Amino acid sequence: MIDFSKIKGLLLDLDGVLYVIDKPVPGATETLKKLKKKFTVRFITNTTTKPRKLVYQKLKNMGFEVKEEEIFSALEATKQFLKEKDSGAFMILTDEALEDMKEIKREPVRYVVVGDARDNFTYDNMNRAFRYLIDGAELIAAAKNRYFRDRDGRLSMDCGGFVVALEFASGKEAKLIGKPNKDFFLLAVKTMGLKPEEVAVVGDDIESDVKGGMDAGLKGILVKTGKFTPQDLKKGIKPDLIVEDINHLLDYIQA
């Protein structure tokens, strides 16, 4: 159980928590308004297919009360990392994400960056990445999720399998930027001006969201929406709190 009197901030995952694919979780828009009156909120996402401005617009179109600077994405964190390194990168990303990365140097290639590239996961792109790696480049995983809930309601393969394929072929281990890397959570908490123990993460992925946040010293809250399946509860991970959906958080906060 969580003592919410000691919690000052919430990290809210997006797809699976506030909405599922393109539809808001019923009641979530009003619940978010109530949560933001009590807590500092950041919206975290491992989405690497779209830049932050499009994630922001999607939330606004759904009716969520959000500011663009409140969104902390794996893609944005990857961009910050590459800017700090001031190094060239070969990136396997969607066309939209690549457009957002146009200010990043392309040569000389010091890093290979992999996100959820969808149709850009071609043999040619993967083989170019492999060759850069064996020539000395380092491997960066913007995210390493196994799967996601797709538009048809079924689970689809995420970028994690492609990252592992490059790790296996090149013999190099990827540096993970997004969830469940604890640094991702700590950077998000830092933007709130809070301490890890003052923040709870709310997610539908028991490994990437909940365990990742708990490993960083946050409280972990699992919702039974989005990609959640009953089998998740058999993975040996014990969230601090499990709720049916984000609306049920109010039952504990108001108690």
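Helix 3 (residues 74-85) lies across strand 6, strand 7, strand 8 and strand 11, at about 175° to strand 7. Angles run from 0 to 180 degrees between N-to-C directions, with axes fitted to C-alpha atoms, for helices over the stretch in contact; contact means heavy atoms within 4.5 Å. Helices (H or I, at least four residues) and strands (E, at least two) are DSSP runs, numbered from the N terminus.

This is a predicted model: local features need pLDDT of at least 70, side-chain atom pairs count only at pLDDT 80 or more, and totals for chains, interfaces and linings use all residues. Residues are numbered from 1 along each chain, and side-chain values use heavy atoms, without hydrogens and water.

**Exercise 1.** Work out the order of the four strands in the open sheet, and find its edges.

*Solution.* 
- Step 1: The order is 6-7-8-11, with parallel pairing; two strands pair if DSSP finds at least two bridges between them.
- Step 2: Strand 6 (88-92) and strand 11 (175-176) each have a single partner strand, so one side of each lacks a neighbour in the sheet.
- Step 3: Zoom in on strand 7 (residues 109-114) and strand 8 (residues 138-141), which pair over four bridges. Val-112 sits opposite Leu-139 in strand 8.

**Exercise 2.** Describe helix 3: find its span and its buried residues.

*Solution.* 
- Step 1: Its twelve residues reach 17 Å from first C-alpha to last, close to the 16 Å expected at 1.5 Å a residue.
- Step 2: Buried residues (under 20% relative accessible area, 1.4 Å probe, protein chains only) include Leu-75, Phe-81 and Leu-82.
- Step 3: Helix 3 also lies across strand 4 (40-45) and strand 5, at about 70° to strand 5.

Note on methods
The expected span of a helix is 1.5 Å times one less than its number of residues. Buried means under 20% relative accessible area, exposed over 50%, partly exposed in between (1.4 Å probe, protein chains only).
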